[in-house]
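Please look at the sequence and the model, then work through the questions below.

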Amino acid sequence: MPLIFQSILLVGITCYLLSALLFLLTRGMPHIHRGVGWWALSSIAGAIGYSSLLVYSNLGDPVSGEVFYNLSLISWASFLYIGSHQWLEQPLESKKILLLGFLATLWVVYFNFIQPAFLPSAIVTALTCGMLTLHTGWLFMKQVKPRNKHNWLLVGTLFVSGLHALDYPIMRPIESLAIVGFLLCTFASLTINTILASMVIIQFKNRMQDSKQQAINIAMQDPLTGLKNRLGLTEDFKQLINHPDTEKHRIAVIFADLDDFKIINDTHGHEDGDEVLRIIAARLDSMIREDDIAARIGGDEFVIILTGIQTDDREHIPKFISRLIRTVCEPIVIHHRTHQVGVSIGLSVYPKDGKNLQDLLNSADNSMYLDKRMKKKSTSKKVDFMRTSQQTSIVLDTAKQIAN
């Protein structure tokens, strides 16, 4: 065998074994689709086929090497087909494909070692490998999104490989074409395995990044209400004040503490209390704009940050606070029981009342407690939540003064 062909076979064997090792190492990982194990078997089959050509040619029996190479191609195409279905999450009865590959293998063995005849063996090899590879290309073309250059290269190579497999009975008997055909088959199959390996690596990287981002989001989210927690509020505020447009606008920090929420917990249990918090959180979330922030930082304590307030806008903050009070104080029905809470409001504005979040929260918290004390002084023991909550004149006056 010429040195150039031995070199090609050695490179092919190395590439197949490396891709098989990658597939085996990533098989079963939680961030990888199913099917990688079948691709590992496919790579091993390819390595065996190339090894057969190399060994038998050096032993002076290239015909037997070609037979075992064809048998390996049948296994390569069958395993590739099954793995691709699983990777793309497409239904498939793997046993039928394995049975097809087994019958094709028996056919090739029979017409090479028992009743030697080139054409029957070549036709079955060509049809099995060609149709399986072509349909694999069709699957990727229909299912994989986005259809970028990487995916189109895989689809194109699969189609070229499948069509080339079909011409095996025609090209093989012609010596000059046989050499070209072998080189084309080698290039196509190694390209397919290289692209599949890169797909696994890319997916693993993307899934790890997604998992990291998901973990960060969970760490910054209140598990009960789905709003930001204190950590998430802090991080969002840092990004907010670092935005170049922040200096041109005002930022309002509104501290909202529910009045007599403890009564619901004590009287009806934490199940009702948790549901009240979820409903209040949903109401707050529906009130804010896309760039605003809503967070739950304590048991019944919420913070809303209003962003992008124009310096000449004198009405936005007072109107929002009035709407906030009305919205929070609307009755809540849980299991045919009607609950109603009030709300005490505190307000601070960046950068007038502080240049960091903690100072702004402290200022808003002090304003909120002043609001709460004033309401206690001006109400009887029987609380009318709508009336007392709407009498947060101190906060509204403060908001108007800030606006001015």
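Q: Which helix supplies the largest share of the nonpolar patch?
A: This is a predicted model, in which local features need pLDDT of at least 70, side-chain atom pairs count only at pLDDT 80 or more, and totals for chains, interfaces and linings use all residues. Residues are numbered from 1 along each chain as its sequence is written, and side-chain values use heavy atoms, with hydrogens and water left out. Helices are DSSP runs of H or I with at least four residues, numbered from the N terminus. α5 (118–143) and α6 (149–166) each give at least two residues to the patch, and the largest share, 5 residues, comes from α5.

Q: Is Thr128 buried or exposed?
A: Thr128 also lies in helix α5. Its relative accessible area is 8%, so Thr128 is buried.

Q: Which backbone oxygen does the side chain of Thr128 reach?
A: The distance is 2.8 Å. The oxygen belongs to Val124.

Q: How far apart are the end C-alpha atoms of helix α11?
A: The expected span of a helix is 1.5 Å times one less than its number of residues. Helix α11 (residues 270–287) has 18 residues, so it should span 26 Å. The computed distance agrees: 26 Å.

How values were computed: Buried < 20%, exposed > 50% of the residue type's maximum accessible area, 1.4 Å probe, protein only. Polar contact = N/O pair within 3.5 Å; in protein donor to acceptor, adjacent residues only side chain to side chain.
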